[in-house]
Amino acid sequence: MSGPIKGQADFLELGDWNSVCSMCGRKRKASQLVRHWQGMYRCPEHSEVRHSQDFVRAVPDIQTPPWVQPMPADVFVDLPDTLVVEAYPVGTDDPFESTLRFEILTEGGVPLTTE
Ligand SMILES: [Zn+2]
């Protein structure tokens with residue numbers, strides 16, 4: 001009388017059971033298999049460490065500038081027959097102040113001041 005063919009893991013060991021390697025499919029006792037980093041159980045000779053390049057993290061690429069500010073408002077001068085050569089705010093260090101006075105140099109060299 002012949003039964004099924006028995007492998008090297010087909011024997012009784014209390015508290016242990018048969019399992020197969022996720023890599024080669026070989027049947028072994030569960031206590032002989034080791035857990036792979038992907039969560040599967042493998043033979044000790046088929047288990048491998050996780051590659052170090054899996055842990056590489058990129059440097060964050062933050063493209064927003066650390067600070068920004070709006071452009072200063074345009075200055076419109078309504079002086080007919082006068083060519084403004086240069087105009088700049090006077091009396092304050094804050095170019096974004098709402099009430100600015102401007103010193104205006106004209107083509108004829110006549111300085112004007114706005115309120
Ligand atoms: Zn194996």
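Ala 30 is partly exposed because 14 other C-beta atoms lie within 10 Å of its own; by definition, a residue is buried with 20 or more other C-beta atoms within 10 Å, exposed with 12 or fewer, and partly exposed in between, the C-beta atoms being placed from the backbone. The structure is a predicted model, in which local features need pLDDT of at least 70, side-chain atom pairs count only at pLDDT 80 or more, and totals for chains, interfaces and linings use all residues. Residues are numbered from 1 along each chain as its sequence is written.

The setting of Ala 30 is the loop between β2 (27-29) and β3 (34-35). Strands are DSSP runs of E with at least two residues, helices are runs of H or I with at least four, and both are numbered from the N terminus. Apart from neighbours within four places in sequence, Ala 30 is in contact with Asp 16, Trp 17 and Ser 19; contact requires that the C-beta atoms of two residues, placed from the backbone, lie within 7 Å. Between the C-alpha atoms of Ala 30 and Cys 43, which are 13 residues apart along the chain, the separation is 9.6 Å.

The protein chain as a whole contains zero helices and seven strands. Its pattern along the sequence reads β-β-β-β-β-β-β. Of the 115 residues in the protein chain, 3% are buried. Among contacts with a separation of 6 or more, 7% are between residues 24 or more positions apart.

Glu 45 is exposed, since it has 10 other C-beta atoms within 10 Å. From C-alpha to C-alpha, Glu 45 and Val 34 are 9.4 Å apart in space, and 11 residues apart in sequence.

Strand β5 itself includes Tyr 88. With 11 other C-beta atoms within 10 Å, Tyr 88 is exposed. When residues up to four places away in sequence are not counted, Tyr 88 touches Phe 102 and Glu 103. The C-alpha atoms of Tyr 88 and Glu 103 are separated by 5.6 Å, while the two residues are 15 residues apart along the chain.
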